[in-house]
Amino acid sequence: MSLLNENILIVDDDINILELIQRHLQSLNYHTFKAISVKEAIQILKDTKIDLLITDLKMPDVDGFQLINYTAEHYPNLPKLVVTGYPSLNDAVDVMKSGAIDYLVKPFTKEELKKALFKVFNNKPFTANQKNKTALKTTKQYGELVGESDALKSVIEIIERVKNNKATVFIEGESGTGKELIARAIHYQGKFAREPFIAVNCAAIPENLLESELFGYTKGAFTGADNSRIGFFQAANKGTIFLDEIGNASLAVQTRLLRVLQEKEITKIGSQKSEKLDVRIITATNSNLEDLIQKKTFREDLYYRLTVVQIKVPPLRNRISDIPLLVEKFLFKYGVEYKDTFVKITPEALKILQRYNWPGNIRELENIIQQTVIMSDNLIDVTHLPEHLKYKINFKKTEFLTLKEVEKEYILTVLSATNNNKSKAAAILQIDRKTLLQKIK
């Protein structure tokens, strides 16, 4: 156990639990700070250098999940340890995905706490030590956005202009480009960061449920409505709601959304009473809303309300210079998660990643790094990369291909990346499906 007097912040609305954890920590020579709410914790984080956050999940007003997300945005190197009296598998998965190192269930023993602290302070990759700072020193990071390309800088410039107001923002970009990360950056980099951020994927919620999930409902509003329930909009009040894949929203949902934008108020399903709302709305899509307007599946008046500020997210193929920084970020993330160390990559393998077109964008890059970290030791080489990334690449001699060969290999690469989905491949190649089938033959 490290006895370097690290500063530990404990957050719990139960005073007895706070004092118990504090006594355990002080007996181990740690400096402790206590907070009974998330807002109080955020103030301490701003005023004091904290080496570890220990937080409860279930708290009134703002919960531990939101604190974890906040620290992930503002203090990305801060280790987090979660304690809770209401354990569930979903919570465990969510907190670990959010970057928490361990998950303790109340009541826990002093020995269990010591083991968790040992994991934090003696496992090098998890601590804010100089080695890790050196490993990540080349990363240019804005919130969770990583890169230094002109394309990304243009996006960040817009974020800087809108982060401290509640102008409606529309984010457009291909799947996997990081649209939600941009929405989170707008929220967490600005003055409303302490307020809720609610992300909703409109494509992931069945059409018949989306309306009630967004706007809430009263008891008896429909079959199965046994109790009144607030919707995502009310949960996001004073903060930000992010509606991803807005093109999937039904016309009924679009009509209600238009009223929210126009009147700044919301009405639950089954209620006649309107409630005032103060929320920033950010929407995103990888679809062409103008095409949907022509097809009469998306309201034109809503489109103009949503696109007060527009951000076009560049695809990864237009951010080649950012690939080394993104690779470094994912190597660190998954090296820590799977290997408890910092995994490296050879220059030859990195060069292949920079030559690839990335039809799946950053999400595809992250998935490939995750796979290669698992399948390699602590050094990723060309041999660990998927086959479709390695066509005709030879670093020992210069190899020239005919234009026909280049076209063939690129088509094969796109087909492989889309799992042989010819419609998707044709869309990426910007040719019609019939032409693609002819080229395949």
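This is a predicted model: local features need pLDDT of at least 70, side-chain atom pairs count only at pLDDT 80 or more; totals for chains, interfaces and linings use all residues.

Residues are numbered from 1 along each chain as its sequence is written, and side-chain values use heavy atoms, with hydrogens and water left out.

Let's begin with strand 1 (residues 7–11) and strand 2 (residues 31–35), which pair in the parallel sense over five bridges. Helices (H or I, at least four residues) and strands (E, at least two) are DSSP runs, numbered from the N terminus, and two strands pair if DSSP finds at least two bridges between them. In this pair, V11 sits opposite A35 of strand 2. To get from strand 1 to strand 2, the chain goes through helix 1 (residues 15–27), and this β-α-β crossover is right-handed. That word means that, with the strands pointing away from the viewer, the path from the first strand over the helix to the second runs clockwise.

Now jump along to an open sheet of five strands, in the order 9-10-13-8-14, with parallel pairing. Strand 9 and strand 14 (309–312) each have a single partner strand, so one side of each is left without a neighbour in the sheet. On average, neighbouring strands here are turned by 15 degrees against each other, direction ignored. Zoom in on strand 9 and strand 10, and you'll find five bridges in the parallel sense, with A199 opposite F242 of strand 10.

Which residues of helix 9 (residues 207–215) are buried? They are L210, S212, E213, L214 and F215, where buried means under 20% relative accessible area (1.4 Å probe, protein chains only). Their cover includes strand 9 (197–201), strand 10 (240–244) and helix 11 (251–263). Just after helix 9, G216 takes a positive phi of about 80 degrees.

Finally, look at helix 14 (residues 323–339) and helix 15 (residues 347–355), whose axes come within 10 Å and cross at roughly 120 degrees. Axes are lines fitted to C-alpha atoms, for helices over the stretch in contact, and angles run from 0 to 180 degrees between N-to-C directions. That makes helix 14 oblique to helix 15, as angles under 35 degrees count as roughly parallel, over 145 as roughly antiparallel, 65 to 115 as roughly perpendicular and the rest as oblique. I323, P324 and V327 of helix 14 make the contact (heavy atoms within 4.5 Å) with L350, L353 and Q354 of helix 15.

Terms used. Buried means under 20% relative accessible area, exposed over 50%, partly exposed in between (1.4 Å probe, protein chains only).
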